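Trainee: Could we walk through this model together?
Mentor: Happy to, let's take a look.

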Amino acid sequence: ATEEQIASIEARRAEITQLLSDPSTFENQQLAKELGEEFKQSAADLNTAYSDWDKCSDEIERAEAELG
């Protein structure tokens, strides 16, 4: 995952949070349900992206150490 991908997921989560904090969102139960599901999925996506980022960072550190 790139910084841009992580930033994109975080930005979308902020948008969803804003929408879910608006009581009018819940006037459309289907929309509220979809946003809730998207928010839940985005948490998993963000965890995966951070994990991938950590792995890449570790690989870079190892490569730099090997190169001296």
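Trainee: Thanks! Is Asp45 buried, partly exposed or exposed?
Mentor: A word on the ground rules: this is a predicted model, where local features need pLDDT of at least 70, side-chain atom pairs count only at pLDDT 80 or more, and totals for chains, interfaces and linings use all residues. Residues are numbered from 1 along each chain as its sequence is written, and side-chain values use heavy atoms, with hydrogens and water left out. Buried means under 20% relative accessible area, exposed over 50%, and partly exposed in between (1.4 Å probe, protein chains only). Asp45 has a relative accessibility of 35%, so Asp45 is partly exposed.

Trainee: Which helix holds Ala43, and what is the C-alpha distance from Ala43 to Ile9?
Mentor: Helices here are DSSP runs (H or I, at least four residues), numbered from the N terminus. Ala43 lies in helix α2, residues 29-67. Although Ala43 and Ile9 are 34 residues apart in sequence, their C-alpha atoms are separated by 8.6 Å.

Trainee: How are α1 and α2 oriented to each other, roughly parallel or roughly antiparallel?
Mentor: Axes are lines fitted to C-alpha atoms over the stretch in contact, and angles run from 0 to 180 degrees between N-to-C directions. Helix α1, residues 3-20, packs with α2 at about 155°, with the axes 9 Å apart. Angles under 35 degrees count as roughly parallel, over 145 as roughly antiparallel, 65 to 115 as roughly perpendicular and the rest as oblique. The pair α1 and α2 is therefore roughly antiparallel.

Trainee: Is Ile16 buried or exposed, and which residues does Ile16 touch beyond four places away in sequence?
Mentor: Ile16 is found in helix α1, and with a relative accessible area of 0% it is buried. Its C-alpha atom is 6.4 Å from that of Leu35, 19 residues apart along the chain. Taking contact as heavy atoms within 4.5 Å, and leaving out residues up to four places away, Ile16 touches Leu35, Glu38 and Phe39.

Trainee: Which residue lies over the face of Phe39, and at what distance from the ring centre?
Mentor: A charge sits over a ring if NZ of Lys or CZ of Arg is within 6 Å of the ring centre and within 35 degrees of the ring normal. For Phe39, the residue and distance are Arg13 and 3.9 Å.

Notes. Helices (H or I, at least four residues) and strands (E, at least two) are DSSP runs, numbered from the N terminus.
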